[in-house]
Amino acid sequence: MKKIAIGTTNPAKVSAVQAVFSAENYILVPTTVSSDVAAQPFSDEETLAGAINRAKNALKKENADIGIGLEGGVVEMNKRLWVCNWGALVDKDGVVVSAGGARIPLPPEVAQGVLDGKELGDVMDEYTGMRNIRKKEGAVGIFTNSYVDRAEMFIHIVKLLAGQYEFQTNSFVKTDD
Ligand SMILES: O=P(O)(O)OP(=O)(O)OP(=O)(O)OC[C@H]1O[C@@H](n2cnc3c(O)ncnc32)[C@H](O)[C@@H]1O
Ligand SMILES: [Mg+2]
């Protein structure tokens with residue numbers, strides 16, 4: 001079975017990979033690696049770079065066949081701060097596929113906390129009075145009244161990665177559709 005290293009131990013992200021790459025067909029290894037970008041990425045480019053770095057670092061650390069990196073960030077547009085999400089999948093032959101995910105604008109009071117230098121995850125916990133939002137529904141879950149939570153948002157990204165990888169390498173990725 002192929003080994004897939006996942007460049008995080010955050011359950012919202014790990015569960016998204018598990019939903020697409022089933023444990024029947026893959027050995028899935030969540031592992032903490034550096035994103036080699038800021039803890040709070042502040043642009044699409046930086047967030048995507050974090051995802052690619054995580055995928056590469058995880059593949060190398062776990063000596064895996066495939067590495068997957070998922071990264072959240074924020075991006076300023078139209079005088080609002082938006083939460084953005086990016087993913088990358090790399091394999092040991094050097095194939096790299098990337099995909100972007102959903103984005104929504106943050107309420108001004110939350111955006112200000114991030115602009116003041118705090119991580120969005122910490123701002124979200126303060127704003128909601130809850131703990132570890134980042135590991136559960138995420139900002140997207142809170143601000144969409146749970147219509148879309150963080151895991152579901154990342155499932156979409158992982159499907160985009162799996163499908164592109166399948167298309168580009170003519171390999172077959174079994175998904176739990
Ligand atoms: O353990 P890792 O994989 O690092 O997961 P994380 O929750 O820290 O997530 P990221 O590093 O990908 O996100 C960078 C920062 O943005 C925050 N963030 C991004 N999207 C978020 C969301 O939907 N809800 C809460 N925090 C979010 C996150 O908490 C970090 O502080
Ligand atoms: Mg993080």
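Which backbone N or O atom lies 3.3 Å from an oxygen atom of ligand 1? In this predicted model, the atom belongs to Gly-121; such a polar contact is a pair of N or O atoms within 3.5 Å. Arg-54 places a side-chain N or O atom 2.9 Å from an oxygen atom of ligand 1, and for a polar side-chain atom of Arg-150 the distance to a ligand 1 oxygen is 3.0 Å. On its own, ligand 1 has 580 Å² of accessible area (Shrake-Rupley method, 1.4 Å probe), of which the protein covers 90%.

The shell around ligand 1 holds 19 residues, with Thr-8, Lys-13, Gly-72, Glu-119 and Ala-139 coming nearest; a residue is counted if one of its heavy atoms lies within 4 Å. By class, 7 of the shell residues are nonpolar, 6 polar and 6 charged, with Gly counted as polar. Two or more shell residues come from each of strand 3 (66–77), helix 4 (120–128) and helix 5 (138–143).

The protein contains 6 helices and 6 strands, taken as DSSP runs (H or I, at least four residues; E, at least two). Their order from the N terminus is β-α-β-α-β-β-β-β-α-α-α-α. The radius of gyration is 16 Å, close to the 16 Å of the globule rule for 177 residues, so the protein is as compact as a globular protein of that length; the rule is 2.2 Å times the number of residues to the power 0.38, and the radius is taken over C-alpha atoms.

Residues are numbered from 1 along each chain as written, and chains are lettered from A and ligands numbered from 1 in written order. Local features need pLDDT of at least 70 and side-chain atom pairs 80 or more, while totals for chains, interfaces and linings use all residues, and side-chain values use heavy atoms, without hydrogens and water.

Notes. Polar contact = N/O pair within 3.5 Å; in protein donor to acceptor, adjacent residues only side chain to side chain.
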